[in-house]
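Trainee: Could we go through some labels together and set each value against its definition?

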Amino acid sequence: SRQLILSSIDCIKNIFEIKSNPKNDFCRLFCKFGLLPRLAKVFFILSQDTKHDDVKGYLDRIVRIFSLFSGGDKLVREKIAEVSVVKYILPVLPKLEFDNLFIFMKTFHRVCGVKSPTPRKLMEDAGIIPVFVQLLDHPRKEIHNQAILCMEMLMDISKSRKEKAIYAGIIPYLLEVIDKKMLLKQVALRILCDLPISVPAVRVELRKHRMVEFYVQTLSDTCWRTDALNALKLWLQAEPSRIGYQLTTSVNIPKIIQVCTSSKVYEKHVALILPTLNSMMRKSEILNRALAASPRFVLGLIGRLDQKIQDDPTMVAIIQSSVEIMNIMCDKNKNLVKFNKKYNAFKAVQTIAESAKAAGKKRLCALAENCLTSINKKLQSQGFS
């Protein structure tokens, strides 16, 4: 009967209120005997009840019981994540009053934080992702923030959950967080810089929100520039013509050149940026030509080749990447004679080859010598003697 069920809820609440009782042991015991699916079902049924005055009080009690269970160990929290539990909670979640919704969101946050893929996979199967995306539009920032934190953990590593979040419409909410410089801006950036760009349907969604421009703009962010450039690289590999064209517009190409040449960019970032750019230039001839046509970019590259070789792994990595970029730039250049006359590229690489040999940097020396051979062949093929 209804009264018996409500009395059971009161008894469970009273058990947990006795301070001397070992809470986790009782949580495990209740889980063993299948409490949580039954409690979730009662929660759903009570949420539909409009006839009785005591409904709100018992909904409050159930919410707090779930919160207590979420403070249990890994095994207890995994039980909360089961489909048989979550499927009854999700339809009610968006309709809850603020206090109960906030408690439930913190409950799910703890469950998402379990260092095991199982709970997150179970919640995905229960259909939690579209509901959490919907809650990103909640007027209270506390709910909004909890939803973002949960989504960050749900989307971590899992390609399928990232896809589901994108199709559910998460991108515009995250862009708004960044645009308005909200508290969790860094979390939003982390999610957006780690999307499954190789998936065609995902790229369709990204194009709707002008994400190429977003990633290029993010190159100015010290913390996320390497991640943003890597996202552009992945997209360029998937759609070389379309993305190559977009990257070389008069608005975008100066921002790419800026991050590659600015003295304000940390050397450890440059050591990550240049290999990524090298890969992009190999994939896109239009990007290669645009960068080769920029005096600022080419002079910046030659400036790196003029640096004295030291026993600094970061510096050596930067010089190696610079040699590789110079090699691909010269190899694809249709007027290398003019390019070499203007920038003296052959001499710059020759100097670094000699310096690397003197410093005992065998790999760098080999790269530079191969580059010299390639440049020399290309110059001869274009009639330079």
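**Labels and their cut-offs**

Trainee: Why is arginine 210 called exposed?

Mentor: Arginine 210 has a relative accessible area of 55%, and exposed means over 50%, buried under 20% and partly exposed in between, with a 1.4 Å probe and protein chains only, so arginine 210 is exposed. This is a predicted model, in which local features need pLDDT of at least 70 and side-chain atom pairs count only at pLDDT 80 or more, while totals for chains, interfaces and linings use all residues. Residues are numbered from 1 along each chain as its sequence is written, and side-chain values use heavy atoms, with hydrogens and water left out.

Trainee: Where is arginine 210 placed?

Mentor: Arginine 210 is in the loop between α14 (200–208) and α15 (211–218), where helices are DSSP runs of H or I with at least four residues, numbered from the N terminus. Its phi is near 55°, a positive value in a residue other than glycine.

Trainee: What makes asparagine 344 partly exposed?

Mentor: The relative accessible area of asparagine 344 is 43%, which lies between the two cut-offs, and therefore asparagine 344 counts as partly exposed. Asparagine 344 sits in the loop between α23 (336–343) and α24 (345–359), and its phi, in a residue other than glycine, has a positive value near 55°.

Trainee: Why does aspartate 49 count as buried?

Mentor: Aspartate 49, which is found in the loop between α3 (35–47) and α4 (55–70), has 18% relative accessibility, so aspartate 49 counts as buried.

Conventions: Helices (H or I, at least four residues) and strands (E, at least two) are DSSP runs, numbered from the N terminus.
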